[in-house]
2 protein chains.
Amino acid sequence: MSDAPSAILITDPDDPRIAPYRAVRERDVVGRGERLVAEGEVVLRLLLSGRCRHTAESLLVSEKRLERLGDLLDPLPPDVPLYVAGQSVMDAVVGFHIHRGVLAIGRRAPDEGAAALLAGLPERALVVALSGVSNHDNVGGIFRNAAAFGAEAVLLDGACCDPLYRKAIRVSVGASLITPFSRGGAGEDMLDALEAAGFETVALSPSGDVQLHELARAPRTALLLGAEGPGLPPALMARARTARIDMAAGFDSLNVAATSAVALYAMTRL
Amino acid sequence: MSDAPSAILITDPDDPRIAPYRAVRERDVVGRGERLVAEGEVVLRLLLSGRCRHTAESLLVSEKRLERLGDLLDPLPPDVPLYVAGQSVMDAVVGFHIHRGVLAIGRRAPDEGAAALLAGLPERALVVALSGVSNHDNVGGIFRNAAAFGAEAVLLDGACCDPLYRKAIRVSVGASLITPFSRGGAGEDMLDALEAAGFETVALSPSGDVQLHELARAPRTALLLGAEGPGLPPALMARARTARIDMAAGFDSLNVAATSAVALYAMTRL
């Protein structure tokens, strides 16, 4: 522990310095406002990297884990407190067992809005646009796929859940920390912004007009995906080209994150 | 309720007739042996369909839900008891809130073994082979993708988790009930069986020799996938053709279920 720069030992779960870590799960439910919670080494590495738009506010690491973090803390700015606690103190503060032993509180970068985000993208760009995707596993999975296939940004309408919710960050393996996104408004507003920025929107739907591989890709393309049960609203479908992924007879059910992986893969091949 | 054929009203959580539903979650942990638990209408519909290799032993439905099941119970054999209970009795028996209000206990079909399973497949067949995939979300997701893209069967080595575990069935949306599979033995045994049945095995790995779309597909093809962290053991990789899915620089991390979706999609295009 003595090797770590400026580690601050916490022995009392009620220590006010670690108040932001208190009852992490409950805070998730009511929303975290300007903050985010990052868990685990892989995610923390991305939070501390130059690719992350958000900034670390503090870290809370278990004593055991601290010795094995290696170079992970090298990029930690000197003014960011590194709190260290025994596992039992850590679990007591957080409210459940943190088996990864690494947590961070981050401060979110402001949402610049869809128009500004799209304006900053290159001439050839791939964007994922989500309408009504409110499941954190799915949103996290979609961000992971977007990062893996090099999508430039993700847009989410206001009916989507927060990609910086703790679970969404974890499922995305940190992709939602590094992939630019904007969230809010109605699905129509999102399509307006895409249209104004010269994006062609391709809506993925089992009832799509063409098969995915038949598409000719526009330089600026947005893949539009809806929630699994209801799918995309007809009003949004009507404003987009529509594409489908053909499936086996009798089981035409693909998870929306799996759909995003297939569609992103297909786009990178066009 | 009076419309339902032979519904048996349960008012006492300790009623011995519904003992198999007691503490469902705990039973999951220790394994269910010859039984399985199916949740929700979509899954139950598959369990009662002619496509399911397993048989329903009994159903437990909440009073509220029973009226809305429509034709779902039409294929229910007359000797399968349909238990009906109030939501609070149901939750008390099961040990957590069953918000879908529909549960079934099924009896598993015996595992015929990989060799017999493969022998029964058509000359042109696509199989998914899993080594060490022990996460129920991933196994469930892979079965869902296998069914959606029409894979004929799934093989799992003994280090994989059980596809008929409650959560795996749920995540697969019932696909693990209708997709033939065999599970057990070492990864090498699985490759032996595939080889003997004339399958060419394609191992998916970030270090694969060719890109996925460059593959020429053999009539009988098996897609081999390993666990996310460690990946496939080198000994298995050495016995297969290897293919990769190219990803963006700096984030080469694709979930194994997402990988299966992309690989199955690519195979159905070959």
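Predicted model: local features only at pLDDT ≥ 70, side-chain atom pairs only at ≥ 80, totals over all residues.
1. Helices (H or I, at least four residues) and strands (E, at least two) are DSSP runs, numbered from the N terminus.

2. Residues are numbered from 1 along each chain as its sequence is written, chains are lettered from A in the order in which they are written, and side-chain values use heavy atoms, without hydrogens and water.

3. Chain A is divided into domain 1 (7-107) and domain 2 (114-268), with bounds from an automatic or database domain assignment. The C-alpha centres of the two domains lie 31 Å apart.

4. In chain A, 16 residues of domain 1 are in contact (heavy atoms within 4.5 Å) with 14 residues of domain 2. The area buried between these domains is about 1400 Å², and carbon and sulfur atoms give 63% of it. Buried area is the accessible area (1.4 Å probe) that two parts lose on being put together, summed over both.

5. The rule finds two salt bridges across this domain interface. A salt bridge is a side-chain nitrogen of Lys or Arg within 4 Å of a carboxyl oxygen of Asp or Glu. A:Arg166 and A:Glu39 meet in a salt bridge through their side chains (3.4 Å, N to O). On the side of domain 1 of chain A that touches domain 2, helix 1 (24-30), strand 2 (35-39) and helix 2 (41-47) each supply at least two residues. Helix 2 of chain A gives the largest share, four residues.

6. Between the chains, 32 residues of chain B are in contact with 32 residues of chain A. Chain B and chain A bury about 2300 Å² between them, with 60% on carbon and sulfur atoms. B:Arg144, B:Phe251 and B:Tyr265 supply 30% of the area that chain B buries against chain A, more than any other three residues.

7. Across the interface of chain B and chain A there are two salt bridges by the rule. The side chains of A:Arg144 and B:Glu228 meet in a salt bridge at 2.8 Å, N to O. Helix 6 (136-148), helix 8 (175-178) and helix 11 (256-268) of chain B each supply at least two residues of the side that touches chain A. The largest share of that side, five residues, comes from helix 11 of chain B.
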